[in-house]
Amino acid sequence: MTMKTVRNATPAEEAAAIATLTLAFSTDPATRWTWPDPQAYLDAFPGFAKAFGGAGFAKGGAHIIGDHAGTALWLPPGTEADGAALGELMRTTASPQSMTDGMQVMQQMTNYHPREAHWYLPLIGIDPKHQGKGLGGALLDHALEICDRDGVLAYLESSNPRNVPLYQRHGFEILGQIQFGSSPTLVPMLRRPQRRSPA
């Protein structure tokens, strides 16, 4: 298996995949705004990742690259995040400021979600040890080939401005900005299915 081999994660790999995301998001602006205290972040993020994107494990939307160097949690059409678990986690673990402003941020996120069938990317991250090697792009390509094959939209919110150019190179277009109060800016992005040349 090469470093850039992407495959579906098995249920047994859920903990390892979420550990990779926990490392990857440790410097993410939106995540650390929510949990600025390091211990609070380490305690809360695995549950957050499971509630936000964990449904992908049972639906073929959890992808890993290499030996858990990177993880993408996609929710296929008709699959939802666990809103009740997310709400409870935010209520009990988020910083007071992010709890207050975060409800408005979540509402704005809902407003941007496509109404048509789409694959949604709640979380994608590369272990910092392996960043800058093209692994994020390979993870994106894996899922976007499915979107193109099936003629389905792809949607995400970029929580880190540095990642926006990567998504644009993969065909995503900026829809606007999501921000309220003290929150960092999220960038909602949509990608329409593209015609691929025969191999």
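Strand β3 is covered on both faces in this predicted model. On one side sit Gly 70, Ala 72 and Trp 74, all buried. On the other sit Thr 71, Leu 73 and Leu 75, also buried. That accounts for 6 of the 6 residues in β3. In a regular strand, side chains alternate between the two faces of the sheet.

Next, look at the partners of β3. Strands of a sheet pair through backbone hydrogen bonds, either parallel or antiparallel. β2 and β3 pair in the antiparallel sense, over 4 bridges. Within this pairing, Ile 65 has Gly 70 of β3 as its bridge partner. The hairpin of β2 and β3 has 4 residues between the strands, and Gly 66 takes a positive phi near 60° there. β4 also pairs with β3 in the antiparallel sense, over 5 bridges. Here Ala 72 stands opposite Ile 124 in β4.

Now step back to the sheet. It is open and has 7 strands, in the order β1-β2-β3-β4-β5-β7-β6, with mixed pairing. β1 (6-8) and β6 (173-174) stand at the edges; each has a single partner strand, so one side of each is left without a neighbour in the sheet.

Further along the order, β5 (residues 153-158) meets β7 (residues 187-191). The two pair in the antiparallel sense over 5 bridges. Leu 156 has Met 189 in β7 as its bridge partner.

Finally, find helix α6, residues 135-150. It lies across β1, β2 (62-65), β3 (70-75), β4 (118-126), β5 and β7. The helix runs at about 165° to β4.

How values were computed: Residues numbered from 1 in each chain as written. Predicted model: local features only at pLDDT ≥ 70, side-chain atom pairs only at ≥ 80, totals over all residues. Heavy atoms only, no water. Pairing = 2+ DSSP bridges. Contact = heavy atoms within 4.5 Å. Axes fitted to C-alpha atoms, helices over the stretch in contact; angles between N-to-C directions. Buried < 20%, exposed > 50% of the residue type's maximum accessible area, 1.4 Å probe, protein only.
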